[in-house]
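Hi everyone, thanks for coming. I'd like to walk you through one structure today, so please have a look at it on the screen before I start.

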Amino acid sequence: MRKRAIPFVTKPCRASLLFSLCLSSAVCVAQDLAPRAYLITPVHSNAVTLISSFFNGSILFNPTLPISDVTANPKILVFSYYHTMDFFGRSANLVAALPYGVGTFQGKVLGTQQEVYRSGLLDFTFRFSMNLKGGPAMSPKDFQSWHQKTLIGASFSVLAPTGQYDPARLINQGTNRWAFKPELGFSRRRGHWVLDAYGAVWFFTTNSAHFSNNQFSAGTNTLSQSPIGAFEGHLSYDVKPRLWASLDGNFWYGGNTTLNSKESPNSYQANSRVGATVSVPISKHHSLKLSYSNGAYIRLGGDYQTISVAWQYSWLGRPN
């Protein structure tokens with residue numbers, strides 16, 4: 001009998017997870033590494049996940065900005081809920097995630113060493129995903145006899161500006177703007193091996209109160225950003241049911257920023273990250289996931305190491 005396994009939910013985008021660090025853009029918005037994001041589960045599968053992530057490294061800003069030697073060590077706690085459903089006969093799911101962050105940021109501003117501490121709620125994330133090919137909506141009984149081959153899915157993520165935001169501050173928990181990500185995903189299983197590939201584009205609304213009404217800028221500044229293209233790939237191996245390991249990588253590009261209708265020079269991003277993930281079952285309902293990633297090539301943004309530990313509790317049935 002084939003055991004059911006609920007995939008871990010996708011992490012919120014790194015723009016929130018890095019406290020909207022970027023002066024000119026959300027430089028880390030496309031940096032998620034989420035293996036098996038398009039694997040399907042039976043209808044009315046549920047999971048709550050608690051993720052603790054630790055970041056350590058430097059931030060590379062636009063060289064035209066008077067900021068240098070920036071280091072950060074934020075810690076992020078994310079609570080998420082996952083639920084699957086029947087969507088016109090296809091398997092679909094939704095994920096809602098609320099992150100909280102705390103961290104210290106150090107760097108030189110106009111040649112003077114500065115340090116700031118931030119703690120508070122980050123932007124809320126919502127994702128809806130559905131299968132387009134290879135994965136019909138199934139009951140737990142039907143799912144036990146189903147075997148994955150090729151899956152093609154699509155998802156739409158929304159980053160809502162619910163995080164704490166003060167327009168007079170340079171570093172905030174929230175972004176003060178909406179972000180939207182349509183994505184196509186591919187997953188192919190061959191024996192114990194699973195190959196995943198995703199392609200997406202991030203779109204952003206305008207931040208109409210960016211670093212405004214302070215000693216550096218008496219007026220109100222508006223910040224806009226062009227779309228960011230993102231690609232992601234994973235190769236994972238099932239050691240046994242619910243115990244698997246994955247090699248992860250991504251690449252994203254674009255994101256030129258415009259401040260007060262003037263495009264910022266050298267704000268184009270072309271970055272990538274690599275990492276690994278291990279998922280371990282603890283009991284029928286409990287599992288743990290450990291992941292590590294590091295910057296492979298960073299042109300602009302966070303050149304940092306990340307370690308994440310996630311605990312998940314999953315069950316079948318309609319939510320009460």
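**A walk through the contacts**

Let's begin with a ring: R273 lies over the face of Y304, 4.3 Å from the ring centre. Please keep in mind throughout that this is a predicted model.

Which residues make up the largest nonpolar core? It has eight residues: I51, F55, I76, V78, A97, L122, Y304 and A310. Strands β1, β3 (75-87) and β17 (301-316) each supply at least two residues of this core. As general background, nonpolar side chains in soluble globular proteins tend to be buried together.

Now, how are those strands joined? β1 and β17 run antiparallel and are joined by 16 bridges. Within that pairing, S58 stands opposite D303 in β17. β1 also runs antiparallel to β3, with nine bridges joining the two, and there F54 stands opposite K75 in β3. Then there is β2, which pairs with β1 in the antiparallel sense over three bridges. Here S58 turns up again, standing opposite T71 in β2.

On to the charges. In general, side chains of opposite charge can pair when their charged atoms come close. How many salt bridges does the model hold? The count comes to five. One of them is between the side chains of R36 and D238, at 3.0 Å from N to O. That pair links distant parts of the chain: R36 is in the loop between α1 (14-17) and β1 (45-60), while D238 is in strand β11 (residues 228-240), 202 residues apart. Are these two buried or exposed? Both R36 and D238 are buried.

Another salt bridge joins D69 and K108, with the closest N and O atoms 3.8 Å apart. D69 belongs to strand β2 (residues 67-72) and K108 to strand β4 (residues 90-109), so this pair ties together parts that are 39 residues apart in sequence. D69 is exposed, with a relative accessible area of 54%, whereas K108 is partly exposed, at 32%.

A further pair is K181 and E183, whose closest N and O atoms are 3.6 Å apart. K181 is buried, and E183 is buried too.

Back to rings for a moment. The structure holds 12 aromatic pairs, and ring pairs link F87, F88 and F128 into a cluster.

One more sheet before I hand over. Three strands form an open sheet in the order β10-β13-β14, with antiparallel pairing. Why is one side of β10 and of β14 left without a neighbour in the sheet? β10 (223-225) and β14 (262-263) stand at the edges and each has a single partner strand, so one side of each has no neighbour there. Strand β13 (residues 257-259) pairs with β14 in the antiparallel sense over two bridges, and L259 stands opposite K262 in β14.

Note on methods: Residues are numbered from 1 along each chain as its sequence is written. This is a predicted model: local features need pLDDT of at least 70, side-chain atom pairs count only at pLDDT 80 or more; totals for chains, interfaces and linings use all residues. Side-chain values use heavy atoms; hydrogens and water are left out. Two strands pair if DSSP finds at least two bridges between them. Helices (H or I, at least four residues) and strands (E, at least two) are DSSP runs, numbered from the N terminus. Rings of Phe, Tyr and Trp (its six-membered ring) pair if their centres lie within 6.5 Å; planes under 30 degrees apart count as stacked, over 60 as edge-to-face and the rest as tilted. A charge sits over a ring if NZ of Lys or CZ of Arg is within 6 Å of the ring centre and within 35 degrees of the ring normal. A salt bridge is a side-chain nitrogen of Lys or Arg within 4 Å of a carboxyl oxygen of Asp or Glu. Buried means under 20% relative accessible area, exposed over 50%, partly exposed in between (1.4 Å probe, protein chains only). A nonpolar core is a set of buried Ala, Val, Leu, Ile, Met, Phe, Trp, Tyr and Cys residues joined through side-chain atoms within 4.5 Å.
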